[in-house]
Amino acid sequence: MEADAELRAEFTDAASGRLRLSVTLTDSCLTVRKIGSGSPVWQHGQEHDLELGLGDCVGCRASQCEDEGDTAAFLSVYFYPARRSWTRAPAGRQRVEHRFRVAAEEDARANLEEAETWARAVRHRASQLVQGLRNDCLMKILIRSATGENDYILLIIHHHDLLDISWCTERKLNACVEFSRVCVSRSVMVLVNPQSGRGQAMSLYTGPVLSMLTEANISHTLITTEHRNHARELVRNADLSQWSAIVILSGDGLLFEVINGLMEREDWDEAIRIPLGILPGGSGNALAASVHHYTQAGPALGEDLLLSCCFLLCKGLVCPLDIVSVRLSSGPRLFSFLSLAWGFVADVDIESEKFRHVGAMRFLVGTLLRLASLRTYQGRLAFLPARENSTSSSVSFLRPHTSFCDSVQRVSHMQQETSNRHECEGQNTHNNSNDKDFQLKNDSKDNRLPDNLLSPIEDPVPTNWTIEKEQEFVLVLATCHSHLAEELVVSPDARPDDGHLHLLYVTAGISRPALLRLFLAMEKGTHLSCECPHLIYRRVQALRLEPITKPGVITVDGEQVEYGPIQAQVHKGYARIICG
Ligand SMILES: Nc1ncnc2c1ncn2[C@@H]1O[C@H](COP(=O)(O)OP(=O)(O)OP(=O)(O)O)[C@@H](O)[C@H]1O
């Protein structure tokens with residue numbers, strides 16, 4: 001990225017109308033310095049420059065002074081910096097507007113032009129900064145794999161620190177670059193479910209969301225859903241070339257509809273790559289909480305979480321998102337982005353629907369009620385463990401620093417992994433292509449995302465799977481993301497495209513207090529270090545669950561599905577999510 005020349009000018013603070021300011025725009029910040037005396041604009045008694053990072057800027061606007069006879073123009077710049085807190089208050093962003101009066105010329109048109117020049121420069125540099133951050137931090141090293149295909153080693157560098165190193169196929173690398181930002185020339189479809197959560201989604205839209213989208217100059221069309229499956233039908237038939245992204249202001253249920261609607265299209269392979277955005281408006285808001293968690297900011301709830309997600313939306317960085325193909329013993333195939341649950345968690349989710357009016361508290365009430373009448377569930381569970389060392393290809397700038405030695409070790413692991421992976425993929429394809437019945441039963445009409453790791457549900461699982469003995473469970477939960485609700489961190493190390501299902505299960509014999517302790521620990525994501533002998537955690541690529549206890553509840557992304565045998569396979573990074 002070539003550095004643009006510095007811009008410098010004298011403006012007046014619009015609030016006081018008197019304080020003269022020297023304003024400088026560099027590639028990364030807007031610096032404001034007081035000239036002469038007058039009441040300070042920022043903090044009483046502060047003498048040094050005020051530095052406003054363009055990384056926190058969502059947009060700016062030039063306008064003419066409304067007073068007749070006043071030839072001044074105004075430049076308003078909108079920032080959402082992380083809130084500084086010395087206490088353990090939740091992390092969040094706060095809105096800060098800086099408004100400058102531009103009045104160097106006597107001619108009103110000349111002042112407006114000057115304000116517009118500055119507004120364009122601020123917008124351009126803020127957007128270059130986001131794009132540059134992504135491009136500068138990726139260093140690709142081309143390697144030839146054993147099969148002769150192009151593979152890459154991707155180094156993620158930020159401020160001269162090596163943050164991560166991972167193996168990457170050419171297709172994934174292209175996806176990373178091609179989809180690095182939401183296209184700004186087309187409109188965003190914003191879907192709002194007015195019934196989600198406590199029914200507050202519309203007021204969230206007309207309040208903070210609309211205000212931030214306007215400041216960021218994001219053109220969008222609001223669509224309120226009128227009934228269940230409205231969003232699904234809408235995206236199934238929409239002309240997607242009109243839209244740069246689909247944003248869901250609701251709970252996770254509406255995104256589940258959107259993903260399944262996209263996968264039902266003839267052009268599903270292209271359609272599922274449209275960037276998806278999530279703004280929390282429901283009661284669980286698992287994906288929104290996870291997206292915020294991936295930025296490595298501290299936990300944020302409610303409106304803080306909404307501002308954080310809306311800020312990420314305005315920045316428009318897009319990352320790959322895992323999709324899970326779910327097969328039921330009868331009925332249609334589903335696509336999930338979040339979770340599959342059986343037992344305690346699924347029961348709480350469905351039974352607490354009647355407490356929807358209390359918002360996120362419904363899960364706490366449901367958990368306490370279900371604890372009082374704790375059940376166990378007989379069943380069989382099998383899974384294909386995740387490959388060792390498989391990593392996310394998405395760019396997470398804030399991963400813990402990786403030492404050089406770690407990196408060298410990982411490169412040699414990755415070279416090994418590259419050749420193992422090609423062998424392994426060959427074997428998997430071979431296993432299933434031998435089974436012609438499987439192709440006929442499952443895929444005769446469905447050529448979407450072949451599940452090459454699954455065998456037909458009525459057949460035994462493939463021999464390379466781990467089979468748990470038939471036993472009684474308290475819960476089985478597989479998730480793709482860190483959070484299952486705003487305050488439930490079930491797999492803290494999950495990444496949006498790590499290619500894993502994070503499988504947690506609790507076996508029978510756990511006491512009520514021990515189970516309650518696990519749920520309390522999940523508030524901070526520390527349950528895995530509780531050393532509870534009944535809690536088992538595995539990273540898997542695919543799983544099969546066969547419930548024997550009847551009746552019961554199975555949920556996929558919080559939606560109740562047919563009760564019976566179910567299996568699932570994760571497809572790494574197949575969709576796109578607007579993420580930090
Ligand atoms: N206008 C509507 N009226 C009734 N139901 C709707 C409407 N629009 C969407 N739905 C359905 O409402 C269900 C719940 O929506 P959603 O998941 O967005 O909110 P939530 O359940 O409050 O949030 P969460 O999933 O985070 O707990 C979805 O399954 C969706 O199909």
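The model is predicted: local features need pLDDT of at least 70, side-chain atom pairs count only at pLDDT 80 or more, and totals for chains, interfaces and linings use all residues. Residues are numbered from 1 along each chain as its sequence is written.

**Exercise 1.** Determine which residues surround the ligand and to which classes they belong.

*Solution.* 
1. The ligand is surrounded by 22 residues, a residue being near if its C-beta atom, placed from the backbone, lies within 6 Å.
2. The closest are Ser-196, Gly-251, Gly-253, Gly-282 and Gly-284.
3. Sorted by class, the shell holds 2 nonpolar, 15 polar and 5 charged residues; Ala, Val, Leu, Ile, Met, Phe, Trp, Tyr, Cys and Pro count as nonpolar, Asp, Glu, Lys and Arg as charged, and the others, Gly among them, as polar.
4. Helix H5 (residues 252-263) supplies the largest share of the shell, 4 residues; helices are DSSP runs (H or I, at least four residues), numbered from the N terminus.

**Exercise 2.** Describe how helix H4 (residues 230-237) is oriented relative to H5.

*Solution.* 
1. The two axes come within 8 Å and cross at roughly 30°; axes are lines fitted to C-alpha atoms over the stretch in contact, and angles run from 0 to 180 degrees between N-to-C directions.
2. H4 is therefore roughly parallel to H5, a term for angles under 35 degrees.
3. The residues of this contact divide into 6 nonpolar, 2 polar and 4 charged, where contact requires C-beta atoms, placed from the backbone, within 7 Å.

Methods: Helices (H or I, at least four residues) and strands (E, at least two) are DSSP runs, numbered from the N terminus. Angles under 35 degrees count as roughly parallel, over 145 as roughly antiparallel, 65 to 115 as roughly perpendicular and the rest as oblique.
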